Structures are given as structure tokens and as C-alpha cells.
Amino acid sequence: MQTITAASTAPAPLLLEYHTPQQQQSNYPADVLVDALPYIDQFDQASQEMVDQMLQEEIKRDPAAASASALDVMKRVPELKKFNSFQSGFLDTELPRLTRGHPIAPMDFKRYSLPAPDESNRNNPAAWHQAVSNAQAQVEHQNLRLLNLELINTYGSNTWINYNKYLEQVHERLSKILTSHQSEIQEINIQRKLEQTQCGTQLKILEERWRASVAKNGRISVACNELEQELASLQKELDELKAHQPEKSDKAPEEPSKMQDDTETTSTSS
């Protein structure tokens with residue numbers, strides 16, 4: 001597994017923080033850039049050590065994150081968008097109750113009862129008027145219930161049948177979308193595997209060439225060093241020979257023709 005690092009005079013960023021120029025210009029955040037080929041890469045011990053080292057570097061940058069609890073981590077998560085489509089007054093009261101863990105309040109059946117005025121109000125017309133109004137309301141409520149039951153018996157079955165058909169259509173449409181996305185994901189994974197498998201052979205050939213070139217360069221470097229040492233030794237021997245060679249006389253030897261003329265002149269005079 002190969003990793004890309006940024007070359008600059010400033011301290012190199014962590015691998016998990018590095019961005020390519022294409023990613024910096026794009027609209028989507030890319031927090032991780034590891035050019036891994038999972039279908040052909042082999043996660044060896046060296047890769048595990050590299051990952052551990054990256055994690056340790058991240059922990060050194062933010063030691064509090066290493067000992068943070070799940071609640072502290074959740075505080076860093078940005079608040080989700082609030083959806084009020086299904087919010088109602090009942091939910092506004094029930095959700096806090098559930099959060100506090102309080103039991104649900106018992107049902108109040110007083111509205112369904114028909115209490116008569118108590119002994120102290122038996123002769124009070126206002127109390128009897130209130131009791132009669134309550135009875136009339138209960139009778140009207142029961143009439144509405146009967147009417148709703150008749151409507152349900154007449155139209156309820158067809159309404160539920162149509163609603164179930166609608167739900168089936170929604171389910172079928174969503175199932176098709178899900179199947180389409182799953183097929184796309186499967187095709188992407190298959191294409192990715194094929195591409196990585198096909199380039200894996202070429203990568204191995206290039207890696208072998210790189211290793212051979214590195215070894216060849218190493219041998220050439222060793223040979224160059226040996227030649228430099230041999231050249232330095234020969235130069236040292238040459239300097240020593242020049243140092244031990246006798247110095248030549250400053251007077252140049254006479255030419256042979258001149259010496260012959262001097263010999264002839266001497267014999268003539270004799």
C-alpha cells in the first residue's frame with residue numbers, strides 16, 4: 001500500500017489531513033487520501049505499524065480525544081436538522097415525559113360519566129342545568145360514534161384497500177430504487193476489482209523494474225566508489241614517484257653538431 005505525502009518546506013501534514021489540488025478545488029471534503037488498492041494490496045505487518053503510527057500522531061495532536069467518552073464525542077457532532085413535519089402538541093408533551101422517564105398519566109373517564117348534582121346542590125337549578133348539558137353532550141357524542149361506525153362500515157374497507165394499494169406502490173417503487181442502487185454499487189465494485197486486477201500485474205512488473213533499477217544503481221554506485229578509490233591510489237603513487245625522481249640540471253647539454261666542430265678545430269690546430 002502506497003501513501004502520498006506533500007513535498008514542501010513547511011512541516012508535512014499528516015496523511016489523514018493531506019489534500020490533493022483536485023480535492024482542494026472540489027466541493028466535497030476529502031479527509032482521507034490513501035491510494036490503496038484493496039483487491040490486490042496485502043496488509044502486512046509494516047502497514048499495520050504505519051497505521052498505528054498515524055493513530056499515535058493523531059492522538060498526540062489531540063490527547064483529549066483519546067480519553068473522551070461517547071457523550072463528549074457526540075457533543076462535537078453538529079446538530080442535525082430538526083424535522084417538524086410530524087410534530088404535534090401531544091408529542092411536545094409526551095417526548096419530554098419519556099425523556100424524564102415518568103409513567104403515562106391514567107385516562108380520565110370523568111367526561112364519559114353522567115354525575116347528578118350532589119346532596120348540597122339538589123335544589124340548585126344551575127347544577128341541574130350543568131348536568132343536563134353534560135348528558136346532552138354525551139348523547140351527541142354517542143350519536144357521532146354511531147355515525148362514524150356506519151361510515152366505516154360503508155366506506156372504510158374500500159378506503160383501507162386503496163391505502164394499502166398505495167403503500168404497496170410506494171414499497172414497489174422504493175424497492176426498485178434500492179435494487180437499482182445495489183446493482184450500481186455491485187457494478188462499481190466489479191469494475192473496480194477488474195481494473196485493480198488488470199493493473200496489478202503491470203504494477204508488479206513496474207515494481208520489479210524499480211527494484212532492479214535500485215539494485216543496479218547500488219551496484220553502479222559501489223563500482224564508482226571503488227574506481228574513485230583506485231584513482232586516488234594511483235594518483236598517490238604518481239605523486240610519490242614524482243617526489244623521488246632526481247632533479248634535472250639547469251644547464252642544458254650541448255648539441256652534438258657543436259661538439260663535433262670543436263673537435264675538428266682542436267685537431268687542425270695541432
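Guide: Buried means under 20% relative accessible area, exposed over 50%, and partly exposed in between (1.4 Å probe, protein chains only). This is a predicted model: local features need pLDDT of at least 70, side-chain atom pairs count only at pLDDT 80 or more, and totals for chains, interfaces and linings use all residues. Residues are numbered from 1 along each chain as its sequence is written, and side-chain values use heavy atoms, with hydrogens and water left out.

Visitor: Is L194 buried, exposed or partly exposed?

Guide: L194 sits in helix α6, residues 125–244. Helices are DSSP runs (H or I, at least four residues), numbered from the N terminus. The relative accessibility of L194 is 44%, so L194 is partly exposed.

Visitor: What separates the C-alpha atoms of L194 and Y39?

Guide: Along the chain, L194 and Y39 are 155 residues apart. Their C-alpha separation is 9.1 Å.

Visitor: Which residues does Q138 touch, leaving out those up to four places away in sequence?

Guide: Q138 is also in helix α6. Its relative accessibility is 12%, so Q138 is buried. With contact meaning heavy atoms within 4.5 Å, Q138 touches R111, Y112, S113 and L114.

Visitor: Which class does the ring pair of Y163 and Y166 belong to?

Guide: Rings of Phe, Tyr and Trp (its six-membered ring) pair if their centres lie within 6.5 Å; planes under 30 degrees apart are stacked, over 60 edge-to-face, the rest tilted. Y163 and Y166 are three residues apart in helix α6. Their centres are 6.3 Å apart and their planes at 35 degrees, so the pair is tilted.

How values were computed:
Helix = DSSP H or I, 4+ residues; strand = E, 2+ residues; numbered from the N terminus.
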